[in-house]
Amino acid sequence: MTPYELGKISAFLLKNRKIEERSQRRAIQREERDLAEILRDAAVEEIQLLEEMMTGYGFDFVTLSAFDVKGIAPGSRVHLLVRRNNSPCLLLDSTSVIEKMAPSAGKASVAKIWFTQIWLMHLDLMYSAKDRGPHERNQWLDSGFTKEQLIEAVRVHINEFVRKLNPEIGETSEVYSTLRAEKGVEIPRYVTRFLGLMVDAGMLDEIAPNSFRQSLLSAVEVKANYDRILAPLMLDISEEHMPGNLAQTAHVLLSAVNETSTERNDS
Amino acid sequence: MSLPDISLVLKVSARLVDLHDSRRNYGESPNYQGDVRSGHGDGRYVAMATHCLDKLHDFGRRSGDEYTSLATLTQALRVELPWTQEVDVEYVLNVLSRPTELKLLLLDGGVDGHVITEKDTNLVEKSPNVAEFRLSWVGRRVLSMATNLDDEYQDIAYIEGDVTKLIRALENGKLRPALNFVEQLNDQLRVAHALLVSLIERGGRGLREAYSEMAGHTELMSRANELVKIADAKINEILRTDRDIDDEDVPIGLVRERVRELSRGIVRYSRQLSQLSAEISRGISSSVDAPSFAELARHWVKQQPSEARLNQIMSVMGPSEVKGILAMGTDYEGTIRSRTVVERLPETVDLSEYAEPQEHEFTRWLTANRAIIEQRIRDGGLSLEAAIADGLATMETDEAFGCLVTALSALESWTDLDGLILTLTDELSKAQLPALEVMFSGLTITQRSSINSTKDSR
């Protein structure tokens, strides 16, 4: 691999985050095929050099084969640039992408609120609804959902939960105020924008009209980063439910003690 | 000797029988209908199902168990069954992707036993929400059995026997069976590896159970790898001795490549087993159950994380784009040829054919006449006609007239005089130059200060 080829590969990867040798889903363009061939022929030291370079940019250079994950043709490989949770990549920008959610809202916070809420609901469809743990990368082929399902999930979330909350929450929570102000027509619009942004960024694949599936890149990133990024936030939920659980446990234990003492008294 | 699990064979036939007895007419809705054992006797459904399974097996092997679209399958089927309609294929696949309603009598060691319905009989898996299909685990397994009926156990535990078959085939110079054996082994190992990866990713209590089942697999793989080395040596022997082999149309290099792939696969599977062992020794609870992201969304409605935290999450897991403009490989396409050395030809320059560029002539003409022209302008103005009369259109060069017109019409590019006014008149004049006769409209250059001084003197 010459420095020129190294440059071409790194530029392509930074733009597309993925180089595939073969794909059943899409036609591989000549440039990508050539780069995949260069990577296949590269020596171990050259790949190490590329890995180190990408680590410097804030990525892990990951190569997967049919042995590692489903959905890769035997004998072929997929190269991915996976973001590292401990070294932010300065070359990438996610804020401006998310702001495209609500270009006319005038407030970046509105875009971010809608994006994060729909983002969590789409994760729920791909993971929670399928009883799939975040580390189950291999199940990415079965993560499909439709646009209608996502719209419905968001609608249920807003109508069945948000609207039933005490309106006083609105004084402290902008998320509540924003979602509460939804008039019934915004959900499909925001979901459509969300899906478009996710597909453009390579996080979702549109496998058929209005049918989507998690991309391999996203599955790999979720597996790599969940523990340090989202898992700590999940603790907030378990803490929220903790007092109730403890109270229930205490109640059960006290009842058992009472029953035992009653039995002793009877005897 | 215990009988093999023939329910696997029943699983293959059950859905085919159901399809055979279906009363659905061709071209009707592809939605699943209840089984009634009468149906068509022309065997079309069974034929379509058999071909579907075969094609799905083929597509799955080539794509790593990716789903195949209905359109692709129909197209592939039409090569062999030209009368196939897509809606009929979809119906067939919809049936194959559901479990059978046949009852099985499970004896389970007792005499009476009990009747069960076998749920795990769908030969095909349908992608959620999309008309795309792939073989189910059962479908793959039964097809392997059908492909090689002598080999009733396709479990990875029997890999040694399979590699031995490969060695025997190579010893006898039978390359086609050898290639089939090794490809089947690779396929089998890949599926076993993928299952193991899924198991480790899933984590939890299932790990320990799986590990106890795979207790001997590490030694097994070690022995299998030794056998693969023998197979590799047999191939080298064939290459070295150049002895007669059957199936000469099968390239020996391809067989060798597949055998080495098998060796690499065994090593990877062994590594995965080590990882499984490590996971278990670390403790069972390393798995993360499916978290409720909807619950997290509800929590965030009440209390959203800080802006910095959200940015951190999105920068690692959200969508992103590259900042600015990055140079792409295509930007340089054709401009940089690092590996091509262009041979330099000796350059020959013939000065006799050298023609001076026109701008050089203009520069030289202007250098000679600039002072005169500026003086004439300062003295009350200069018209084109007067300049020709003064001989400025014939001095120094043959192109002097062109130089004069250029100089007068582009004053700002060569003179520092202020307040210049260019006046054009409609009157045409003629002049006779040595080489040509020219006709031109009136062109006069004057300086504002000289006009003022003329007025003042009046």
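Chain A and chain B bury about 7300 Å² between them, with carbon and sulfur atoms giving 60% of that area; buried area here is the accessible area (1.4 Å probe) that two parts lose on being put together, summed over both. This is a predicted model, in which local features need pLDDT of at least 70 and side-chain atom pairs count only at pLDDT 80 or more, while totals for chains, interfaces and linings use all residues. Residues are numbered from 1 along each chain as its sequence is written, chains are lettered from A and ligands numbered from 1 in the order in which they are written, and side-chain values use heavy atoms, with hydrogens and water left out.

Let us stay with the interface. Here 93 residues of chain A are in contact with 64 residues of chain B, contact meaning heavy atoms within 4.5 Å. Side chains of opposite charge can pair when their charged atoms come close. Eleven salt bridges are found across this interface, each being a side-chain nitrogen of Lys or Arg within 4 Å of a carboxyl oxygen of Asp or Glu. A:R213 pairs in this way with B:E66, their closest N and O atoms lying 3.1 Å apart.

Another salt bridge joins B:E307 and A:K112, with 2.9 Å between the closest N and O atoms. This pair crosses between chains, from helix α12 of chain B to helix α5 of chain A; helices are DSSP runs (H or I, at least four residues), numbered from the N terminus.

Now look at those two helices. The axes of α5(A), residues 108-126, and α12(B), residues 307-317, come within 12 Å and cross at roughly 55 degrees. Axes are lines fitted to C-alpha atoms over the stretch in contact, and angles run from 0 to 180 degrees between N-to-C directions. That angle makes α5(A) oblique to α12(B); under 35 degrees counts as roughly parallel, over 145 as roughly antiparallel, 65 to 115 as roughly perpendicular and the rest as oblique. In this contact, A:K112, A:F115, A:T116 and A:W119 meet B:E307, B:L310, B:N311, B:I313, B:M314 and B:M317.

The axes of α6(B), residues 159-171, and α7(B), residues 175-202, come within 8 Å and cross at roughly 160 degrees. The two are therefore roughly antiparallel to each other. Their contact has eleven nonpolar, one polar and two charged residues.

Notes:
Ala, Val, Leu, Ile, Met, Phe, Trp, Tyr, Cys and Pro count as nonpolar, Asp, Glu, Lys and Arg as charged, and the others, Gly among them, as polar.
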